[in-house]
Every structure is written in C-alpha cells, then in structure tokens.
Amino acid sequence: MPPSDRSGPSIPAGILEYELPDGWQVFAGKTDGANDYVSLRLAKANDRWFHVRGMPGGHIVLRVPPDREPDRATIERAAGLAAYHSKARAGGVVAVSMTLGQHVSKPRGVKPGTVEIRKERVVKVRPPSDDEVAAMRRGAV
C-alpha cells in the first residue's frame with residue numbers, strides 16, 4: 001500500500017500495486033487522476049517512472065529504496081507493466097519511456113494525467129500475459 005498522506009487530498013481510486021521478484025514494489029495508475037497521483041505524489045526522486053511511448057496508458061512507478069538499484073530484469077518487468085496498462089497491450093515489442101521520478105513534472109494548465117518528462121531512456125519490452133500480471137498483483141489501493 002502506498003504511504004498515507006495525511007496532509008493532502010485522499011488517494012484516488014484506480015491505483016494498482018504489484019510486487020516483483022526480490023521485493024520490488026510497483027504502482028500503476030488506471031485513470032487520469034490516479035496517474036497524476038502516482039507520478040507526482042507517490043514517485044520519489046530516485047524511483048523509476050514508466051509510460052508507453054506515443055499512446056495512452058497508465059503511469060507506472062517502480063519504488064527504489066535509497067540503498068538499492070534495480071537490475072535489468074526488474075526494469076524490464078516494470079516497463080512490461082507500462083506496456084500492459086496501455087493501448088499497446090496486444091502489440092508485440094513496445095517502446096516504453098523511463099526516467100527518474102525527479103524528472104517528472106506537470107506543466108500548468110494541462111489536463112489530468114498529462115506530465116512532462118526529462119532525461120528519458122527507452123526500454124523495449126513485450127507486455128506480460130494476463131496470468132503473469134495476476135501473479136504480480138497485490139491489490140487495488
């Protein structure tokens with residue numbers, strides 16, 4: 001579960017939580033409001049942020065503790081969740097943007113679910129199967 005935020009607005013519906021091998025925690029937004037919350041409130045500076053390139057989809061945050069660094073397999077699994085939570089789910093190999101949480105911002109006046117990123121890296125992955133996603137799912141927040 002994401003940390004409670006007693007000082008701000010309540011956590012919106014539409015946030016999913018996943019657990020990857022080795023205890024990595026991932027959050028996925030399913031709505032515009034949930035995407036804003038995941039990208040701008042849950043994501044910390046060193047977390048990794050993911051979104052499929054050029055298509056609508058969920059914002060994905062891989063929680064990265066200060067004493068750890070994700071390996072390639074963990075990055076690819078999180079990127080795969082971004083592909084899964086997008087219009088590219090049925091596609092083959094999907095290009096997914098990744099950046100640090102500190103490089104995600106929201107320009108003034110843009111609609112919910114819209115962010116701006118800097119220092120993007122592209123990861124190419126295949127979306128996981130429904131069964132693989134179900135095995136990682138920890139529940140809705």
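Predicted model: local features only at pLDDT ≥ 70, side-chain atom pairs only at ≥ 80, totals over all residues.
Entry 1: I started with the largest nonpolar core, which holds 26 residues. Y18, L20, V26, F50, L62, L81 and V96 have the most contacts inside it. I then looked up who supplies it: β1, β2, β3 (48–52), β4 (60–63), α2 (72–84), β5 (94–100), β8 (121–125) and α3 (130–136) each give at least two residues. The largest share, seven residues, comes from α2.

**Entry 2: L20.** Where does L20 lie? I found it in the loop between β1 (15–19) and β2 (25–29). Is L20 buried or exposed? Its relative accessibility is 3%, and buried means under 20%, so L20 counts as buried. Skipping residues up to four places away in sequence, I listed its contacts as V26, L62, T74, R77, A78, L81 and M136. I checked P107 too: its C-alpha atom is 31 Å from that of L20, and the two residues are 87 apart along the chain.

**Entry 3: F50.** I left aside neighbours within four places in sequence and looked at what F50 touches. The list includes G58, H59, I60, L62, I75, A78 and V96.

**Entry 4: β5.** I looked at cover next: five of the seven residues in β5 are buried, so I wrote it down as mostly covered. Which strands does β5 pair with? On one count, five bridges join β3 to β5, and they run antiparallel. R48 has L100 in β5 as its bridge partner. Five bridges also join β5 to β8, again antiparallel. There, A95 is partnered with K124 in β8.

Conventions. Residues numbered from 1 in each chain as written. Heavy atoms only, no water. Helix = DSSP H or I, 4+ residues; strand = E, 2+ residues; numbered from the N terminus. Buried < 20%, exposed > 50% of the residue type's maximum accessible area, 1.4 Å probe, protein only. Contact = heavy atoms within 4.5 Å. Core = buried A, V, L, I, M, F, W, Y, C linked by side-chain atoms within 4.5 Å. Pairing = 2+ DSSP bridges.
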